[in-house]
2 protein chains.
Amino acid sequence: MADKSSKPDVPQPGKPVRGSKTGQPIMVLFDLIGRRWSMGILWNLSDGNRTFRDLQERCGSASPSVLNTRLKELRAAGLIYNAENGYALTEDGRELFVRLEPLGDWAMDWVEKLR
Amino acid sequence: MADKSSKPDVPQPGKPVRGSKTGQPIMVLFDLIGRRWSMGILWNLSDGNRTFRDLQERCGSASPSVLNTRLKELRAAGLIYNAENGYALTEDGRELFVRLEPLGDWAMDWVEKLR
DNA sequence: TACTTTGCTACGTTTTTCGTAGCAAGCAAA
DNA sequence: TTTGCTTGCTACGAAAAACGTAGCAAAGTA
């Protein structure tokens, strides 16, 4: 594994790999969680551990390869870890989730309004 | 393969174009804002109107084409609008930002910890 | 032992994003 | 009026990311 000849794949957390050059913390965070499935993964881990397959189902159309990439990224960033019975949020991950949670209720109203 | 002469480009809000099949509101929202630059744009509009160029600078490496796409998406979703002096948050956009704001302080601590 | 589930990797194909290069419109001197 | 600047965007080829599917080793189950 870790074939360096073809894929860079997993970005290092803390360094703005790609994205905002400013280096502002919020932008570093956005660069990490502002990707497909990242927030969905965190959201789905919030109420208990989930296996890879669980997450695949809950994240609808995420292919196993991207899902795997996202999981590695989030793990490298210290937001999730590999528990015995699947993936789980770390303390940091839970803290982040707490800040994400209010989006849930708001999204309901917003989607409602759009229809 | 549909029409080749024009780009689909702008997804319709409210319909999970690509992404989560579940249709859960939060996933619809994540599908919109969980893309490169989306949250950064909202963040940068929070403290006043910004021109296209302003946003380009603040969003570091966003190319004008993606930036334009993101702006169209957010506008279609009713989160931003085209004011006389640049782009601005709508009422909904401001409401969303309020829920995003706590991430800023947390990100500072988090990035600090990572170093 | 054989079968199933799980967690992933490989890999070829689409989609997205990037990185320029324009270009029309507005403005502001000259 | 012409010239030159800035702004908001579009075009387009190239690179990177995401997709979809196949497949495989390990662990669990019958």
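## Symmetry of the two chains

In this predicted model, chain A is superposed on chain B by a rotation of 180° with 0.0 Å of shift along its axis, at an RMSD of 0.0 Å. The superposition is by least squares on the C-alpha atoms of residues with pLDDT of at least 70 in both copies. The two copies are thus related as by a two-fold rotation axis. The C-alpha of A:Gly34 is the one in chain A nearest the axis, at 2.2 Å from it. Both copies use the same surface, since 100% of the contact residues of chain A recur in chain B; contact means heavy atoms within 4.5 Å.

Local features need pLDDT of at least 70 and side-chain atom pairs count only at pLDDT 80 or more, whereas totals for chains, interfaces and linings use all residues. Residues are numbered from 1 along each chain as its sequence is written, chains are lettered from A in the order in which they are written, and side-chain values use heavy atoms, with hydrogens and water left out.

## Aromatic pairs

Over all chains, the structure holds six aromatic pairs. Rings of Phe, Tyr and Trp (its six-membered ring) pair if their centres lie within 6.5 Å; planes under 30 degrees apart count as stacked, over 60 as edge-to-face and the rest as tilted. The rings of A:Trp106 and A:Trp110 are stacked, because their centres are 5.7 Å apart and their planes are at 15°. Both residues belong to helix H6 (residues 102-114) of chain A, where they are four residues apart, about one turn of the helix.

B:Trp43 and B:Phe97 form an edge-to-face pair, because their ring centres are 5.3 Å apart and their planes are at 65°. B:Trp43 lies in helix H2 (residues 38-45) of chain B and B:Phe97 in helix H5 (residues 91-100) of chain B, so the pair ties together parts that are 54 residues apart in sequence. B:Trp43 counts as buried at 16% relative accessibility, and B:Phe97 is buried with a relative accessible area of 10%. Ring pairs link these two residues and A:Phe30 into a cluster.

## Helix H4 of chain B

Helices (H or I, at least four residues) and strands (E, at least two) are DSSP runs, numbered from the N terminus. The buried residues of H4(B) include B:Leu67, B:Arg70 and B:Leu74. Among the elements of chain B against which the buried residues of H4(B) pack are helix H1 (25-33) and strand S1 (80-83). Just after H4(B), B:Gly78 takes a positive phi of about 75°.

Conventions. Buried means under 20% relative accessible area, exposed over 50%, partly exposed in between (1.4 Å probe, protein chains only).
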